[in-house]
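The following note concerns the salt bridges of the structure shown below. Please read its points alongside the sequence and the model.

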Amino acid sequence: MTDDDVEPTQAPGLARGSGSRGRQLGVLFETVLTRGPLSRRDTARLTGLSAASVTKLVKPMIDHGYLVENHREAGVPGRPQIPLRVDPERHYALGVKVMRGELVGVLVDLHAEVQASRRLKFADTSPDGVVDAIEELTASLLDRLPIERDRLLGIGIGLAGHVDNTTGVLRQSPQLGWREVPLRRLVETRLNLPVVIENDVNAVAVAEQWFGAGSSFTSFAIVTVGAGVGCGLVLDGRLWHGVSGAAGEFGHMVVDPGGPECHCGKRGCLEAVASDPALAAAMSAAVGRRITKVSAVAALAHAGDPDAQRVFTQAGIALGRAIAALLNLLNPPLVILSGEGISASDLFIDALRAELERDAFSTTAKDCTLLVRPLPDETWARGAAATMLRQGVLRSLNALTDEVQS
């Protein structure tokens, strides 16, 4: 068996390249990106590649400016090691989180560190109106940090709904009221840049996978609650999309067939019970007057109002039931609970945990860490940028395969 036949240890994030060399370059690059600076010896240990293979792969990556060598390690036994690190200025990417009426945008370097950010409100929520807003936001971010065009990989866009990331078509977004929108083509035509379209929870899962709480795990799930309820799945180091990009539509798991109607058209979806609008609607029904803000429901619950407390308890039970199903199906070691809705997690977390313990099979609940983790909107946009970095860097690295010495 040659070294070309050896499958490198799967690192988080980068998809598999075309051919063995492409896979090896991708895994090596991301290992240094997420764990570096690293010596060649440590890189070989972490990737499972031979030391000779690492040496061959590193050379074109240094020649083309992807990796740089730090000063030699001092005080390390044996032959002095030269740590490798990724040059953060080699490439940049834009990332945008799309919400109804507002965009959050970032410009990041190759470490996915934010170099510029901006929020932009807009009134026209049609596809053309959103593309107009993305164009304005992009121009503003590039004005704040002018960079050479060949260093800009492109733009990643994260938004709620069923995104077919292979075609760049938004199949359905109840929150935006869109169906079958070819968003990638629309943005590429307008900006003349490569574009990646991703479900927004998948995008934030990438951010957690590369640099957040998921970076130490090969598999984990992130569940977000707020305007909607979503889920991103990382399985064996890879973001799981499913056959058409609909994997992780956690909010449309039916938890109560006789429950309230969901905006997707079904009844009793988790999103119709546990999202912020659902909590406000449930409280409105309980008191006989319209309440539009979940913060008002939380304030009443904290003041001891039994109706408000019951609303949050029911949401916690529904979330616990759904997460238990997730644990029973996938048995992950980590579930991250995030989104704007966790600002009131003290009102539902006990009910969630109790239901989780009741419904989870065998030891799956004990095997899993449930981490409540606030993430600002900029992190979601950063995740969208990271999806563009992942795709763009892999494409660039594949172009180096012919330069790897035999």
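Are Lys97 and Asp200 buried or exposed? Lys97 is buried, as is Asp200, where buried means under 20% relative accessible area, exposed over 50% and partly exposed in between (1.4 Å probe, protein chains only).

1. This is a predicted model, in which local features need pLDDT of at least 70 and side-chain atom pairs count only at pLDDT 80 or more, while totals for chains, interfaces and linings use all residues. Residues are numbered from 1 along each chain as its sequence is written, and side-chain values use heavy atoms, leaving out hydrogens and water.

2. Across the whole structure, a search finds 20 salt bridges, each being a side-chain nitrogen of Lys or Arg within 4 Å of a carboxyl oxygen of Asp or Glu.

3. One of them joins Lys97 and Asp200, at 3.5 Å from N to O. Lys97 belongs to strand β3 (residues 92-99) and Asp200 to helix α6 (residues 200-211), so this pair ties together parts that are 103 residues apart in sequence. Helices (H or I, at least four residues) and strands (E, at least two) are DSSP runs, numbered from the N terminus.

4. Arg119 forms a salt bridge with Asp377, with the closest N and O atoms 2.7 Å apart. Since Arg119 lies in strand β5 (residues 114-121) and Asp377 in helix α12 (residues 377-398), the pair ties together parts 258 residues apart in sequence. Through shared partners, salt bridges join Glu102, Arg119, Lys121, Asp377 and Glu378 into one network. Arg119 is partly exposed, at 37% relative accessibility.

5. Lys59 and Asp63 also form a salt bridge, with their closest N and O atoms 2.9 Å apart. Both lie in helix α3 (residues 51-63), four residues apart, and are separated by about one helical turn.
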